[in-house]
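Biologist: I would like to go through some labels on this model and hear what stands behind each of them.

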Amino acid sequence: MNYKKKILAVSVLAATCAANANTTPEQDLIKRDPLTFQQWHLQNTGQTGFSLSAGNEGEDLNLDFADRMGIKGRGITVSVIDTGVEISHPDLKNNVVPGSKNLIDGSDYPVDTHGHGTAVAGLIAAEEGNNLGGRGVAPYANLIGFNYLDEQSIESWMLSHGLNEDFRALDRFTDPRVFNQSYGITPSAPMNGDTSLDPVYALQQTVLQDITLNSHWGRGSVYVKSAGNSFALYTTYINGERFYVLPFENNQILNNQGLPFHNANISNLNTTFWNLVVSSLNAEGKLASYSSAGANVFLSAPGGEYGQDKPAMVTVDLTGCDKGMNVSGTHKNSLHGGSELDPNCNFTGVMNGTSSAAPNTAGAVATVMSANPALSARTVRHLLATTARKVDPQHEGVTLNFESASGETLSYDAIPAWQTNAAGYNYHNFYGLGAVNIDEAVYKALFTSVSLPELQITDWQEKSANVTIPDADLSGAQSTMAVDENLTIEAVQLKVNIDHTRLRDLAIELTSPSGTRSVVMSARTGFLNGTDGGYTDTVMLSHHFYGEQSQGNWTIKVLDTDKGTSRTLIYHPSRGFFGTNGNNNADLGVLKDWSLRIYGH
């Protein structure tokens, strides 16, 4: 439906339901502020974003209808958990409300010395129509900020993620209903998901669950999380020194046969149901070159490339030409260095990463919430899922060719192309359920009067397997489990115990009773050899089964896809390159046991 028809339909609704205050038509968003015309993520007309090349028309968040109806986040507070936020910035200050905290000195000013958090805040809710810079996705939303990345104690985590000084959940109208987390970790080995061994992580899960489901008088809040920026390579720290970890295949550095080198399903921050994980799109409507991906990705959203050769995000920067991303000097991005449009360097054209995709999604969540604040947080997530756009529809997935243990050339569907599951939802490991589609989600929210039924979470159901994993063989190790509970699935968690000494060879698949196959851990993921030699109670998440029924037989399959012909490289600036994972596993691996937990209604 085009936006004119939608405006007519909603005008009829407004005549009978005056409670919706966000229905004032606005002028074209491209006329609002000096830099808005280059904010391709809002309305992509083929802009360059001040870079050297242009994007593709229409590859954006699709918010024309919401913009014209004035549905832009009013009454929704978004918490920016980051490097801090320059809350006095002229393009942010009018949307800042009480609640920010400097977690180092206890003041109400979350000093940002980097600029990352300030840029994130600008993407969410920079003011519109003030003749400054551009605008945010939800320019009427409220903002608070925390400099959590400078003070990462558990107390700081709780304060920034929704608890007050007494460590009780907040419930005031001005408290956050959206939390943006544009940060993450890149483990070099599988993480142990046994919460009994990590009381801090167990506490965090309890807090996230409580606030997601019970804050705001039972309506709940949404935690948005960046997927990561490690598709091609990642960094790790050994004895305090920074090392770069890279794939090496067919005698080529950075050749991973098109597969993500660091799967988004590695980090336990990304495998919790309570975080809405987002991958990043560039201005051409494809996965950004750096964006992590995996079965845990819920949605994709614009994040851009690097703002030099290809467009990044145009957003708020620290004020002045001596700090932040935009400083004095010559730059490839024509906005930078004190340009005519921005002589004081208060804005930037090089913000990028899943750090940008997350706040664009957080702004979308705030927009949908403001269209119908009575809806539960889970229902808002559901509306975004049901309206997501099938971006990059011709993407063929990734086929991995490898030599079997017997010398035969095998072909493996390592990342499936877009699949339609049994409930009719499209899914791709690169893009999740699809690209954020604000107008369609807002329109549905306006005409949705009932939230999703109460969330049900099954206990972990365990299955002992003890099946050998054949080396370099498509048959893999398989095990089947019967699930009796019949829920409409919102997410599935998988927990595995696997013995194997070359984890980068392994792919892990989960197939639902309806026959939908989800690659929950892709082959060639760049693990370093760990001391435990495998997965120990490692938890992964899949949204591939969204909307399907949980009852029936679930099957896990673990495949070894390499007989030792590929390896991993480590690079240190002063020590050069050295290799690891150079030898094939001497012994066959074993799928020892696995467990499932279903989230649904």
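Biologist: What makes helix H7 (residues 377–387) mostly covered?

Modeller: This is a predicted model, and in it 10 of the 11 residues of H7 are buried. Buried means under 20% relative accessible area.

Biologist: Why is Leu 254 called partly exposed?

Modeller: Its relative accessible area is 46%. Buried would need a value under 20% and exposed one over 50%, so a residue in between is partly exposed. Leu 254 sits in the loop between strand E7 (252–253) and E8. Together with Ile 253 and Phe 577, Leu 254 makes a nonpolar surface patch of about 290 Å².

Biologist: How do you know that strands E1 and E2 pair?

Modeller: Pairing takes at least two bridges. Strand E1 (residues 77–81) is joined to E2 by 5 bridges, therefore the two count as paired, and they run parallel. Within this pair, Val 80 is opposite Gly 145 of E2.

Biologist: What makes E2 and E9 edge strands?

Modeller: The open sheet has 6 strands in the order E2-E1-E3-E4-E8-E9, paired in parallel. Strand E2 (142–146) and strand E9 (299–302) each pair on one side only. From one strand to the next the twist averages 30°.

Biologist: Which helix lies across E1, E3, E4, E8 and E9?

Modeller: Helix H6 (residues 354–371) does, and H6 runs at about 160° to E4.

Methods
Residues numbered from 1 in each chain as written. Predicted model: local features only at pLDDT ≥ 70, side-chain atom pairs only at ≥ 80, totals over all residues. Heavy atoms only, no water. Helix = DSSP H or I, 4+ residues; strand = E, 2+ residues; numbered from the N terminus. Axes fitted to C-alpha atoms, helices over the stretch in contact; angles between N-to-C directions. Contact = heavy atoms within 4.5 Å. Buried < 20%, exposed > 50% of the residue type's maximum accessible area, 1.4 Å probe, protein only. Patch = residues over 30% accessible without salt bridge, like charges linked within 9 Å, V, L, I, M, F, W, Y side chains within 5 Å. Areas by Shrake-Rupley, 256 points an atom, 1.4 Å probe, with all protein chains shown as cover. Salt bridge = Lys/Arg side-chain N within 4 Å of Asp/Glu carboxyl O.
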